[in-house]
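Subject: Structure handover

Hello,

Here is the structure for your files. My notes on it follow below the entry.

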Amino acid sequence: MLLRTSIPVLAFLAAGITAGAQELRVEVVKHADGQPIPGTLLTLLHEQDSTQPGRFSDLNGRATFNVPRRGRYRIRAEKVGYDTWTSVSLVPSNALTRVRAGMKPRSLRLPPVTGKSETVCSNLTEQATATGDIWGEIRKALAANKVTESQRMVALNIETYDRLLGPAGNVISERGARHSANSLQAYKVSYAGLTEQPVFRVPDASTLLSEEFVASHCFSSIRGSGPENGLLGLEFRPAKLGTKADVSGVLWLDPTTYSLRHLVFDYVNVPPRVRAARATGRIEFQPLVGGQWIVSRWHLKTPRAGNTPNAIAGYNESGGIVRPIGTAAVAAGPVAAPASTGETRITGTVFDQTTGKPLSGVQVVSTSGRYKTATNRGGGFELAMDGGLVDTLIFDHPRLRLLRVPRVRPVSVASGARAQVTVVIPGFAVLRQGLCPTGGSTAQPPGAAIGYVLDAAGEPIANAQVSATWQVLWTEEKGRLMAIKQQRTVETQTAADGSYLLCGFTRDAPIAMTVSVDGTRRAEESLTLPRTMVLERDFRIRQQ
């Protein structure tokens, strides 16, 4: 057993467990309470050569690596909002190697960007400065986007446009296209309208993370103003002037969520007429539930040469919008900085960990009744409004009610700002603790049966009698199994919405369930408790 107690990590070799050759399993949890952290980017680092492809922890905070060859390795775990964690040196063998990573939230908020020292453009290092802290969080999002793109992890709907603009910005011609893909390679499309003009490209995560880019640019931290008010920016520009076209810009970070918002950039070191007309663009980033990051929108505008020297005939403009398949469509168009019109947006996701899928059809309503929407097939929703909002959102869905998931979320968002609200149905192990509590004891919560009793038209039947009977063959007393062969019965009445909940079931026991309405038995079934220890069963009662 390999044990290190000076940091929140438990790394051990499970010598008695057989597995595939050199298999390494990682579990990522919160240091404070041991709860899993899904969507953590995990990277296997070899002591001598390049890293293996990264992967994201699943809903239980777990991931598995097949170590390609013998040697010493480390595991690096990183997620926006958490301190980066690195394991001790591991030497995987033919036995299964397990690693448990305890991650802490960012211990300090990003420091205020004040003083002359924070606006001096210098080489980038992750250190205890505003510039270093901002880069540390931005780098995590870019690394997650790079892995998402390179491994084609997310099925995407991509809508693009190409426009030919006049000198005043008027649209001369336009074409659009839609397609589905697992990678956004299309947003790297480039244009070269002037003879002496370089090829312009939208910078991607690989470019921004490259050693060459970091070494050839200087960085400074700035505070946002206007549309970026409240955000922190990492400004970059070429460290030296030259003849090769390069980019300067600002990566904008939300200091409350540590999330990368967007990048605005300009091309520099370009011919004078190109410099005067500006070649500029913008990229917006979006995190997904599974830890992946995608580019959700992009925009690139470059000048076109005129008939006379130094004349600009107009512009080429390209861009698009991207969404994971199954989420709501939004019209593609030029991506401009948010106007200070006071429009406020609240977005969010409802995710069901018992099925591993987003939950669609959830009604989202403010208590005032003024704002209302429903989640789409991807479990996402969006509310747009003018001005700020201090209210409460109510999430309504039969599954949320049935599983007793808290359905009320307070929201407070300033005018023109954005807020995110997430509702998660926990896994069955957590659900059982809430559905069938053990009264503070350390015993495992018993199995449960839940569902609805409905009539032939699908309407709920209130006050129906639901009972279940099973046989207990064994029980544990003072650490010993005792044969008892005892029959047990539990019963309840359905609520006004037709739902019922029964607790107390033991594992692997066949269950006889009956439903009676107005004293008459109307349904009877023999069921088996699944491995999750939560039996979901609806009863449809036909008219007599």
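Of the contacts in the chain (heavy atoms within 4.5 Å) between residues at least 6 apart in sequence, 58% join residues at least 24 apart. This is a predicted model, in which local features need pLDDT of at least 70 and side-chain atom pairs count only at pLDDT 80 or more, while totals for chains, interfaces and linings use all residues. Residues are numbered from 1 along each chain as its sequence is written, and side-chain values use heavy atoms, with hydrogens and water left out.

Overall, the chain has six helices and 33 strands; these are DSSP runs, H or I of at least four residues for helices and E of at least two for strands, numbered from the N terminus. Of its 544 residues, 45% are buried, meaning under 20% relative accessible area with a 1.4 Å probe, protein chains only. The accessible surface comes to about 27,600 Å², and carbon and sulfur atoms hold 49% of that; the areas come from the Shrake-Rupley method with a 1.4 Å probe.

Aromatic pairs: rings of Phe, Tyr and Trp (its six-membered ring) pair if their centres lie within 6.5 Å, and planes under 30 degrees apart count as stacked, over 60 as edge-to-face and the rest as tilted. The count is eight pairs. One of them joins Phe 213 and Phe 219, edge-to-face at 6.5 Å centre to centre and 65° between the planes; both residues are buried. Phe 213 also pairs edge-to-face with Phe 236, at 5.4 Å and 70°. Phe 213 lies in helix α3 (residues 211–216) and Phe 236 in strand β12 (residues 232–238), so this pair ties together parts 23 residues apart in sequence. The relative accessible area of Phe 213 is 7%, and that of Phe 236 is 2%. Trp 135, Phe 213, Phe 219 and Phe 236 form one aromatic cluster.

Charges over rings (NZ of Lys or CZ of Arg within 6 Å of the ring centre and within 35 degrees of the ring normal): Arg 55 lies over the face of Phe 65, 4.4 Å from the ring centre. The charged end of Arg 537 sits over the ring of Phe 539, at 4.9 Å from its centre.

Sheet: four strands form an open sheet in the order β21-β20-β23-β24, with antiparallel pairing; strands pair if DSSP finds at least two bridges between them. β21 (372–374) and β24 (408–413) are the edges, each with a single partner strand, so one side of each has no neighbour in the sheet. β23 (residues 389–396) and β24 pair over six bridges, and Leu 393 stands opposite Arg 409 in β24.

Regards

Technical notes
Buried < 20%, exposed > 50% of the residue type's maximum accessible area, 1.4 Å probe, protein only.
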